[in-house]
Structure formats: C-alpha cells, structure tokens
Amino acid sequence: MDATNSNLGGVPAGLRLNDKAPGFTARSTAGEVSLSSYRGRWLLFFSHPADFTSVCTSEFIAFTRARDKFAKLNCDLLGLSVDSLYSHLAWLRDIERSFGIKVTFPLIEDSAMMIAKAYGMLDASSENSGTVRTTYAIDPEGIIRAIVWYPMNVGRSVEELLRLVEALQTSERECALTPEGWRPGDALIEPAAISLDETEQLVEGQSWYYRERRA
C-alpha cells in the first residue's frame, strides 16, 4: 500500500462529525486514488474487515447494485481494507465469477493500516483489522457529515446508508430537519422557534418545537 499524505500524521483516533476528512493517496483496484479527487462530490468511504469473507461479500454485492442510486445523489463509493491489492483483485474477480456482480468502484489497499488508524477505524495500537466495519459520509467540501459503525458480525444496511446520504443532502438544501424514518417525499420538520417573534407567528395550538413542512 502506498499511502502518502502529511495529513495522515498525528491525526487523533476517533474523528468527529464536521471534522475535515484526513487526506490520502493510495493504490486501489481502479488505480491510484486520492481523497482530494472527490472534492465537489459526496463520498461514502467505508472499510471492511477482510476479503473473501461472507458478510463483506454480501455488502459489496449490495453496494454495487445500489451504485447507480448513489450516483444520482452525486455520491461516489470508495472501499478500504488492510488486505493487499492482489487480494482485492482476486476477491473481486471471484465475486464476479461466483455471483455475476462486477464491482467497479475502487477498493483501497491499506496493508500498513495508515489510513484506517488516521480515520479511527482501528485503535492506534491495533495489529489487525478484526473489528473494522466503518462508514463515513463525506460532503463535497471534504467534511465528515456522518459516521456509522457496525461490529464485524453484522452487515450494514446499504439502503439505510443511501437514505442517510439523501437525508443529509435534503436537510442542507431545504434548511430543515428530517424526522425518524424520513424518506424522499415525506414531510420535513422546521427548526424549533428560537425567538419571541417566531413564536408569535405560530398558529394557535401549533408546537413551537415540532412543526412539519410538507414536501
């Protein structure tokens, strides 16, 4: 793995929401990739524990099938594990041969665990990747907008990650909030009133902290 970027050095484990995503350049199944090349687009950057494993295979099949849906949201997919590039290539070829699914989004090799540790996917002292199944939603400015962790034995919901990206985009575009289980076309929620003037404009009986806005 060839990861070269000064941003990786000294980054504390456990990135937080609204932190700038650490930059990197690395080898992948689609050639060399850099985080900076995704500026201007949303990015779903996700890690998986190991190649040739059942849960990870199910996830990659699901991500591939949903890739066009992410593309409609101006969102790219980028995977990572600490396996070698040669292992990645063999695994993706086997997925195509066994399941008829061709994975075309890049899968980064991170054998030295530099990127995984920089992103807090692994503890800085860890010597293996046994618990890595992390997803970062990164906006077009390179800011981390959401972080989702799953244990090694539980697969992610790709549909939920798709919903998450669309909810983030809609909330930002409409200057509103998305309620529990929100789906495109559902009502949004207005930000809570924070001034007397705003409360005076409320309809009688209307809640000041829960006001729906119809799409």
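At 22% relative accessibility, Arg 213 counts as partly exposed, because the partly exposed class starts where the buried class, under 20%, ends. This value, like the others here, comes from a predicted model. The side chain of Arg 213 meets that of Glu 174 in a salt bridge, with 3.8 Å from N to O. Arg 213 belongs to strand β9 and Glu 174 to helix α5, so the bridge ties together parts that lie 39 residues apart in sequence.

Glu 174 also forms a salt bridge with Arg 173, and here the closest N and O atoms are 3.4 Å apart. Glu 174 is partly exposed at 32% relative accessible area, while Arg 173 is exposed at 55%. Together with Glu 190, the residues Arg 173, Glu 174 and Arg 213 are linked in a network of salt bridges.

Side chains of opposite charge can pair when their charged atoms come close. The structure holds 12 salt bridges. One of them joins Glu 59 to Arg 156, with the closest N and O atoms 2.7 Å apart. Glu 59 sits in helix α1 and Arg 156 in the loop between β7 (144-149) and α5, so this pair ties together parts 97 residues apart in sequence.

Glu 59 counts as buried, with 1% relative accessibility. Arg 156 is buried too, with a relative accessible area of 7%.

## Nonpolar cores

The largest nonpolar core has 27 residues, and those with the most contacts inside it are Leu 44, Phe 60, Phe 63, Phe 70 and Ile 95. At least two residues each come from β3 (42-47), α1 (54-65), β4 (75-81), α3 (85-99) and α5 (158-174). Helix α5 supplies the largest share, six residues. Another core lies apart from this one; it has 23 residues, among them Tyr 38, Leu 43, Leu 78 and Val 82.

Leaving aside neighbours within four places in sequence, Phe 63 is in contact with residues including Leu 44, Phe 46, Phe 70 and Leu 77. Arg 156 is also among the contacts of Phe 63.

## Surface and overall make-up

The protein has six helices and nine strands. Of its 215 residues, 45% count as buried. The accessible surface comes to about 11,200 Å², and carbon and sulfur atoms account for 50% of that.

On the surface, Trp 208, Tyr 209 and Tyr 210 form a nonpolar patch with about 390 Å² of accessible area together. Tyr 210 lies in the loop between α6 (196-200) and β9 (211-213), and is partly exposed, with 42% relative accessible area.

How values were computed: Residues numbered from 1 in each chain as written. Predicted model: local features only at pLDDT ≥ 70, side-chain atom pairs only at ≥ 80, totals over all residues. Heavy atoms only, no water. Patch = residues over 30% accessible without salt bridge, like charges linked within 9 Å, V, L, I, M, F, W, Y side chains within 5 Å. Areas by Shrake-Rupley, 256 points an atom, 1.4 Å probe, with all protein chains shown as cover. Salt bridge = Lys/Arg side-chain N within 4 Å of Asp/Glu carboxyl O. Helix = DSSP H or I, 4+ residues; strand = E, 2+ residues; numbered from the N terminus. Buried < 20%, exposed > 50% of the residue type's maximum accessible area, 1.4 Å probe, protein only. Core = buried A, V, L, I, M, F, W, Y, C linked by side-chain atoms within 4.5 Å. Contact = heavy atoms within 4.5 Å.
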